Amino acid sequence: MQNEFLDDPRDAVHTADALVADVMQKLAATFADHKKELEGQWNRGEQANTEDLRLALRHYRAFFNRLLVT
């Protein structure tokens, strides 16, 4: 993308924007799937086990840490 910037700055920024949007959509979909799985267990009257909840919380913490670093 940096090399493209010299030739076509607008296209380089557009490409970067599209890449970021794609990554954000994939991250959102991944976490939505995890949330849906846990909520599905609760809606069926099942208790999510402590390990599932621990892993979910760990994933959320890692996600937030990645967002804060950038």
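Predicted model: local features only at pLDDT ≥ 70, side-chain atom pairs only at ≥ 80, totals over all residues.

Biologist: Which residue does the side chain of Lys26 meet in a salt bridge?

Modeller: The general idea comes before the case. Side chains of opposite charge can pair when their charged atoms come close. Here the partner of Lys26 is Asp22, with 3.3 Å from N to O. Asp22 is partly exposed, at 33% relative accessibility.

Biologist: Where do Lys26 and Asp22 lie, and how many residues apart are they?

Modeller: Both Lys26 and Asp22 belong to helix α2, and they are four residues apart, about one turn of the helix.

Biologist: How many salt bridges does the count come to by this rule?

Modeller: The count is two salt bridges. Besides the pair in α2, the side chains of Glu51 and Arg54 meet at 2.7 Å, N to O. Glu51 and Arg54 lie in helix α3, three residues apart, which is again about one turn of the helix. Glu51 is partly exposed at 39% relative accessibility, and Arg54 is partly exposed with a relative accessible area of 40%.

Biologist: Now the helices themselves. At what angle do α2 and α3 pack, and how far apart are their axes?

Modeller: Helix α2 covers residues 9–43 and helix α3 covers residues 50–69; they pack at an angle of about 160 degrees, and their axes are 12 Å apart. That makes the two helices, α2 and α3, roughly antiparallel. The cut-off behind this reading is an angle over 145 degrees.

Biologist: Is the crossing of α2 and α3 left-handed or right-handed?

Modeller: The crossing of α2 and α3 is left-handed.

Biologist: Which residues in α2 meet which residues in α3?

Modeller: From α2 the contact has Leu27, Phe31, His34, Lys35, Leu38, Gln41 and Trp42. From α3 it has Asp52, Leu53, Ala56, His59, Tyr60, Phe63 and Arg66. Sorted by class, the contact of α2 with α3 holds eight nonpolar, three polar and three charged residues.

Biologist: What are the values for Arg58 and Asp11, and for Leu57 and Asp7?

Modeller: Arg58 and Asp11 are 47 residues apart along the chain, and 37 Å separates their C-alpha atoms. For Leu57 and Asp7, 50 residues apart along the chain, the C-alpha separation is 44 Å.

Biologist: Which exposure class does each have: Arg10, Leu57, Arg58 and Ala62?

Modeller: Arg10 is exposed, with a relative accessible area of 73%, and Leu57 is exposed with 55%. Arg58 is partly exposed, with a relative accessible area of 45%, and Ala62 is partly exposed at 34% relative accessibility.

Notes
Residues numbered from 1 in each chain as written. Heavy atoms only, no water. Axes fitted to C-alpha atoms, helices over the stretch in contact; angles between N-to-C directions. Parallel < 35°, antiparallel > 145°, perpendicular 65-115°, else oblique. Left-handed = near helix turned anticlockwise from the far one by under 90°. Contact = heavy atoms within 4.5 Å. Nonpolar A, V, L, I, M, F, W, Y, C, P; charged D, E, K, R; others polar. Salt bridge = Lys/Arg side-chain N within 4 Å of Asp/Glu carboxyl O. Buried < 20%, exposed > 50% of the residue type's maximum accessible area, 1.4 Å probe, protein only.
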